[in-house]
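The following questions and answers concern how two protein chains meet. Please examine the sequence and the structure before reading on.

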There are 2 protein chains.
Amino acid sequence: MVQGRISRVSVHDVRFPTSLGAHGSDAMHTDPDYSAAYVILETDAEDGLKGHGITFTLGKGTEIVVCAVNALAHHVLNKDLRDIVGDFRGFYRQLTSDGQLRWIGPEKGVVHLATAAVLNAVWDLWAKQERKPLWKLLVDMDPRMLLSCIDFRYITDVLTEEEAYEEQMLMHGYPAYTTSCAWLGYSDDMLQQLCTEALKSGWTRFKVKVGADLQDDIRRCRLIRDIIGPEKTLMMDANQRWDVPEAVEWMSKLAEFKPLWIEEPTSPDDILGHATISKALAPLGIGVATGEQCHNRVIFKQLLQAKALQFLQIDSCRLGSVNENLSVLLMAKKFGVPVCPHAGGVGLCELVQHLIIFDFISVSASLTNRMCEYVDHLHEHFKYPVIIKNASYMPPKEAGYSTEMKEESVKKHQYPDGEVWKKFLAAQGN
Amino acid sequence: MVQGRISRVSVHDVRFPTSLGAHGSDAMHTDPDYSAAYVILETDAEDGLKGHGITFTLGKGTEIVVCAVNALAHHVLNKDLRDIVGDFRGFYRQLTSDGQLRWIGPEKGVVHLATAAVLNAVWDLWAKQERKPLWKLLVDMDPRMLLSCIDFRYITDVLTEEEAYEEQMLMHGYPAYTTSCAWLGYSDDMLQQLCTEALKSGWTRFKVKVGADLQDDIRRCRLIRDIIGPEKTLMMDANQRWDVPEAVEWMSKLAEFKPLWIEEPTSPDDILGHATISKALAPLGIGVATGEQCHNRVIFKQLLQAKALQFLQIDSCRLGSVNENLSVLLMAKKFGVPVCPHAGGVGLCELVQHLIIFDFISVSASLTNRMCEYVDHLHEHFKYPVIIKNASYMPPKEAGYSTEMKEESVKKHQYPDGEVWKKFLAAQGN
């Protein structure tokens, strides 16, 4: 079924001016314009199918990721798709281990985001050619084939190819939680209104941004707890704002609002710091969650080894696509840590739903303490947007990785020449 | 003395085709073209002084770093140099914590390399205006001012601004070791010849690249040990080639050649892995060295906390310039770990000599187990190349950070339009 030579690689700088409404604002990212480096792969096969890949960015710097995608393009161009998926580990390593290019990573930052975008497009194309949604492609795949997609370099001390997983279960919607009610830049009135509406729509799990000002946090958390009541689940997210001792101190003051977890309390690189915070907050019943800015499987390995997190948050666009996320799902299973993906952004919900549904069916086989982030933004730009029912992700049925955007949306939001930005930049010029 | 508004920021993609001679080759980087993103800052001051900044790259991808420098340029342009150095921590954080741009790092990979290049140029300019070599600017600086250059965010759990260091000592050349004799791609004959010549020139400390093939390593290490004798110092460097158990096993087989350290045995992100390797190799008398691809102070902090390295290798162009390197020097002092900088590359020797001389005079006050890497390559392109006497770095006397390249060299090696590359690319096209 897999066929065709990659005949064209194009990449677009697509930006949505979300900072205008303070959507997405938190203690460290005060004015994000949700954006994406958006890759399109075309082949010479007669099926005319295209692969769409994304990595999520916050506006500025998207052009740097676009530049990196262009630097990687020659690894993909003129390759036969059969050769790529036939030795996906080899292909993965080609992208991440180029003798010259790896210096400016390695496997982190801009080049790793670009790698994710390119590989996400390959996975989308593969799934489309197999006429399956990505999660189904993964679930149906021979375990040996699945493992052959993973680069085990640097993680064989905790996981080797010999350990395979084959559980299978039926599946209903995957539980979601909402981050849309309590961005840091929202007023109390707006927060109250959004929480009330979300409760009415059936949401039972809520996340609030904290970390900029303690008194504000106490007021906002009290407000939300009062609205949602003591039984519903509340998570908090500091977006890396604190140093280690500060995180412990600050969260001790917010413990009365019974958060399930504190997310990103400090630098995403500080494994031992997260372990210290985890240990200090355990007696308060607060877990530590992190992962959206963990740059590769090696960091996740250590977070698990050091008992540094109680909730693991994979990201579909920062790690090296499905390949690297698979290795993290397997390690999380081995350490008994629930995976609760990071989502929102641009397309992150669309993509990660495939991974978490696969995780449930074929890896974790459990919903205990598990849920996937949901943010109600920008889905209208996607051809196959996520479907949420009863605060749950319903498994997508369309073939592919759900990455494809509407052509009109891409055209309008292309930076800096799309209609939206042309108008916006002209207005700024005045 | 500090004066002027930054009136121009330019950046060049400069590449030297070093892969043609296998110079710089190792187990992971088989064909490096030593390159640099080279930043030039101009001001409106009448002194006409320019700041030159560099970050080191391996060829491909330099254009991505250039793109990132351009994205950062607006933070520097039109700024008064007095305002920058008057609140250097604030300026540093502006570059590293832009709400949108930090997503594609944060503080790692391409954007951090670009940050280093820009800040290196600022430090060079500052030192030139003060008519001092950078190390002297640092040594003479009021400790309070010095600490105000450091961003302590994420490291206050091991080091705070309150702890200051003020020792001062006279200084003679700083001991160096050579990596130029034993690149992985060199033949045994060449290795033999280069080692013999280096011994004659007074070198007493040698580094050999290992990790691609065990039998080759055994043969090459035996050859070198035979030439240099049992008393001279030998270091080994695997350039991240191994997984954790593999590193221990492999080095057990090379222990008979009495290496002082094994450098980069595994992923630069694997703090706990380095700790495991350190523990396993200690009984064999082999230390672990790493740092050239450690992307920020948070990773160094943990390497020290976890006792994961016995030799700490700062890099002048990967960390966020002098500012971030200062924080690492101070942490190393606190943990009693010797700093033995990574050098070589393009300009890395020229830059890092300032930092290590400062370290000796004002921080560590010791030469025990301390030495700075030296590679005899590409110095001829710099206006003020390093001076090596008796296998020691002699302190530079010219004002600035020694970053400035000869105009002719930049012009010839600019990629892809410089004379060298034009010819080379045309030949490839044929």
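A salt bridge is a side-chain nitrogen of Lys or Arg within 4 Å of a carboxyl oxygen of Asp or Glu. This is a predicted model, in which local features need pLDDT of at least 70 and side-chain atom pairs count only at pLDDT 80 or more, while totals for chains, interfaces and linings use all residues. Residues are numbered from 1 along each chain as its sequence is written, chains are lettered from A and ligands numbered from 1 in the order in which they are written, and side-chain values use heavy atoms, with hydrogens and water left out.

Q: How many salt bridges are counted between chain B and chain A?
A: One example joins the side chains of Asp270(A) and Lys301(B), with N to O at 2.4 Å. Between chain B and chain A, the count is six salt bridges.

Q: What area is buried between chain B and chain A?
A: Buried area is the accessible area (1.4 Å probe) that two parts lose on being put together, summed over both. Carbon and sulfur atoms give 56% of the area here. The total between chain B and chain A is about 5,300 Å².

Q: Which residues of chain B lose the most area to chain A?
A: Together, three residues account for 18% of what the chain B side buries. They are Lys60(B), Gln100(B) and Trp103(B).
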